[in-house]
Amino acid sequence: MNSLHAQAASPADTSNRPISLFIPLDGIIGAETDGLDLSRPLDGGTVEAVRAAFRDHHLLVIRNQSLDKERMYRFAELFGPIEGHMIRLADGSKWDAVHTITNLDAAGNPVAKPFISSNYFWHTDKSFLREPSLLTMLQAVELPPNGGDTQFADMTAAFDALPEATRRRIDGLKSVQSLEFMRRYTGSAPPTEDDIAAAPPIAHPLVRTHPETGRKSLYIGMYSSHIEGLPEEEGRALLEELLEHATQDRFVFTHRWQHGDLVFWDNRCLLHRATANFEMGKHRRVLMRVVVKGSVPE
Ligand code: SIN
């Protein structure tokens, strides 16, 4: 039995307070457990405990998992409907609901610049859609010997830390989120006409309110092209300034992957990015991924 299990109720514990399975991570956000086996269905109380921990911590790490696609899908859908994917890969195929993200080429060899490399820039998933992603879940399949971390930045803490005058200035503004802009910004292949037609640029609040906690957070990242109603240059400067502020070390948690990790996070209040801190052309990095659909940001 380890330190996590040591939090379970002792016979002397007569309080009705639910016992948390999760302990906070060593950073500004997140919590972890090694006390769950997701290969089997969870009872209702455990599901509620995981949902509550997700609401409180926004980033959860569940250790020692080895889920197949079906089980990962089933676990993710406890948080809402699973999202489909419109983006086409190099071979023209679309991602399955549960897919892998890798640094491998079509022959399965590691490459220094993978076909999809925009995930190495700060972003919140699918903010270019009317209903962007709520939650993204990754499971370690193959890891490099060192590095290959994923970083998360806390947009609620970043908003709270802004000067009062800036908070007043930006609350009520809308930023335009664009797939086409993101592809240019990250040096990726331009989207097809069909992609643009399926997901035209859309304006979302620059400061969004979390539907469960009621807290405000910055809603920015690589899809944020410009600010509605501001001259383009002024809007870009504001977006760059906010991104620089929000991704300072004090708001960032770096997840160093361990074999068996299943990690999921709240795209409504966190930014994330992959980190190229390993020899990408030499070592394989493969993660299974599934995304839960969200609602219109308010
Ligand atoms: C992602 O952006 O969804 C994946 C991040 C990672 O590869 O660490």
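Lys216 sits in strand β10, which covers residues 216–218; strands are DSSP runs of E with at least two residues, numbered from the N terminus. The model is predicted, so local features need pLDDT of at least 70 and side-chain atom pairs count only at pLDDT 80 or more, while totals for chains, interfaces and linings use all residues. Residues are numbered from 1 along each chain as its sequence is written, and side-chain values use heavy atoms, with hydrogens and water left out.

Lys216 is partly exposed, at 32% relative accessible area (buried means under 20%, exposed over 50%, partly exposed in between, with a 1.4 Å probe and protein chains only). Apart from neighbours within four places in sequence, Lys216 is in contact with Thr156, Phe159, Asp171, Val207, Arg208 and Thr209, where contact means heavy atoms within 4.5 Å. With Asp171, the side chain of Lys216 makes a polar contact of 2.5 Å. A polar contact is a pair of N or O atoms within 3.5 Å; within protein, one must be able to donate a hydrogen and the other to accept it, and residues adjacent in sequence count only if both atoms are side-chain atoms.

The ligand is surrounded by Ile101, Asn119, His123, Leu138, Thr150, His272, Ala274, Arg285, Leu287 and Arg289, each with a heavy atom within 4 Å of it. An oxygen atom of the ligand is 2.7 Å from a side-chain N or O atom of Arg285. Taken alone, the ligand exposes 260 Å², and the protein buries 98% of that; the areas come from the Shrake-Rupley method with a 1.4 Å probe. Strands β14 (270–274) and β15 (286–293) are the elements that give two or more residues to this shell.

Arg289, one of the residues around the ligand, also meets Asp125 in a salt bridge of 3.3 Å, N to O. Asp125 lies in the loop between β4 (99–102) and β5 (133–142) and Arg289 in strand β15, so the pair ties together parts that are 164 residues apart in sequence. Asp125 is buried at 4% relative accessible area, and Arg289 is buried at 10%.

The structure holds 22 salt bridges, each a side-chain nitrogen of Lys or Arg within 4 Å of a carboxyl oxygen of Asp or Glu. Side chains of opposite charge can pair when their charged atoms come close. Among the salt bridges is that of Asp37 and Arg40, at 3.3 Å from N to O; Asp37 is partly exposed at 34%, whereas Arg40 is exposed at 55%. Glu32, Arg63 and Asp261 are linked in a network of salt bridges.

Notes. Helix = DSSP H or I, 4+ residues; strand = E, 2+ residues; numbered from the N terminus.
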